[in-house]
Amino acid sequence: MLKRGLVIRLLVLPNDIGGVGESLQWIHRELSPRVAVSLMAQYYPTNVAGTNPRYILLSRRLRESEWLSAVAALDELGMQEGWMQEYDGAAFYYRPDFSDAETPFRDVRDFQS
């Protein structure tokens with residue numbers, strides 16, 4: 001449980017659109033190598049990103065090789081505080097199910113009795 005401090009959530013995007021490596025270097029250099037980073041693999045294209053040719057670089061799920069590159073960048077900097085999602089299933093697991101109006105998020109349902 002986080003009581004104080006800073007957590008930075010980084011969503012890894014296809015084709016390194018978000019520049020995860022550069023972002024991690026900036027965090028390490030300008031803030032602290034001890035900042036907690038939450039590295040997320042859950043991106044999936046919706047609405048315009050999935051259909052409009054203008055956003056072709058964002059029109060697909062993340063590839064495993066892209067995820068592994070982001071994880072390697074985190075590791076190379078020695079940043080050990082924080083969390084990483086599992087690559088397998090992240091884009092499905094963290095996708096809201098809007099047909100379930102009461103609890104659209106699967107992860108919430110996992111903790112309900």
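**Figure 1. The surroundings of glutamine 85, including the backbone of alanine 41.** In this predicted model, a polar atom of the glutamine 85 side chain lies 2.7 Å from the backbone nitrogen of alanine 41. The side chain of glutamine 85 also makes a polar contact, at 2.5 Å, with the side chain of glutamine 42. Glutamine 85 is placed in the loop that runs between strand S3 (82-84) and helix H4 (90-93), and it counts as buried because its relative accessibility is 12%, under the 20% that marks the limit for buried residues. Leaving aside residues up to four places away in sequence, glutamine 85 touches Leu39, Met40, Ala41, Gln42, Trp67, Ala90 and Tyr94.

**Figure 2. The largest nonpolar core of the chain.** This core has 18 residues, and those that touch the most other members are Leu10, Val12, Val20, Leu24, Leu39 and Trp67. Two or more residues are given to the core by each of strand S1 (7-11), helix H1, strand S2 (36-40) and helix H3 (64-76), and H3 gives the most, with four residues. What does leucine 24 touch, not counting residues up to four places away in sequence? The residues touched by leucine 24 are Leu10, Val37, Ala70, Ala73, Leu74, Leu77 and Met79.

**Figure 3. A nonpolar patch on the surface.** Three residues, Leu6, Trp26 and Leu31, form a nonpolar patch on the surface, and together they have about 290 Å² of accessible area. Leucine 31 belongs to helix H1, which covers residues 20-31. Is leucine 31 buried or partly exposed? Leucine 31 counts as partly exposed, because its relative accessibility is 40%, a value that falls between the limits of 20% for buried and 50% for exposed residues.

**Figure 4. Arginine 34 and methionine 79.** Although 45 residues separate arginine 34 and methionine 79 along the chain, their C-alpha atoms are separated by 6.5 Å. Arginine 34 is located in the loop between H1 and S2, and it is exposed, with a relative accessible area of 68%.

**Figure 5. Two asparagines with positive phi.** Most residues other than glycine have a negative phi. Asparagine 15, however, has a positive phi near 60°; this residue lies in the loop between S1 and H1, and at 35% relative accessibility it counts as partly exposed. Asparagine 47 likewise has a positive phi, in this case near 50°. Asparagine 47 is found in helix H2, which covers residues 47-51, and it is exposed, with a relative accessible area of 66%.

**Figure 6. The whole chain, as a setting for the close-up views.** The chain has five helices and three strands, and from the N terminus on its elements follow the order β-α-β-α-α-β-α-α. Along its principal axes, the C-alpha trace spans about 45 × 45 × 20 Å. Of the 113 residues in the chain, 31% are buried, and the accessible surface comes to about 8,000 Å², with 52% of it belonging to carbon and sulfur atoms. Among the contacts between residues at least 6 apart in sequence, 64% join residues that are at least 24 apart.

Conventions
Residues numbered from 1 in each chain as written. Predicted model: local features only at pLDDT ≥ 70, side-chain atom pairs only at ≥ 80, totals over all residues. Heavy atoms only, no water. Patch = residues over 30% accessible without salt bridge, like charges linked within 9 Å, V, L, I, M, F, W, Y side chains within 5 Å. Areas by Shrake-Rupley, 256 points an atom, 1.4 Å probe, with all protein chains shown as cover. Salt bridge = Lys/Arg side-chain N within 4 Å of Asp/Glu carboxyl O. Buried < 20%, exposed > 50% of the residue type's maximum accessible area, 1.4 Å probe, protein only. Polar contact = N/O pair within 3.5 Å; in protein donor to acceptor, adjacent residues only side chain to side chain. Contact = heavy atoms within 4.5 Å. Core = buried A, V, L, I, M, F, W, Y, C linked by side-chain atoms within 4.5 Å.
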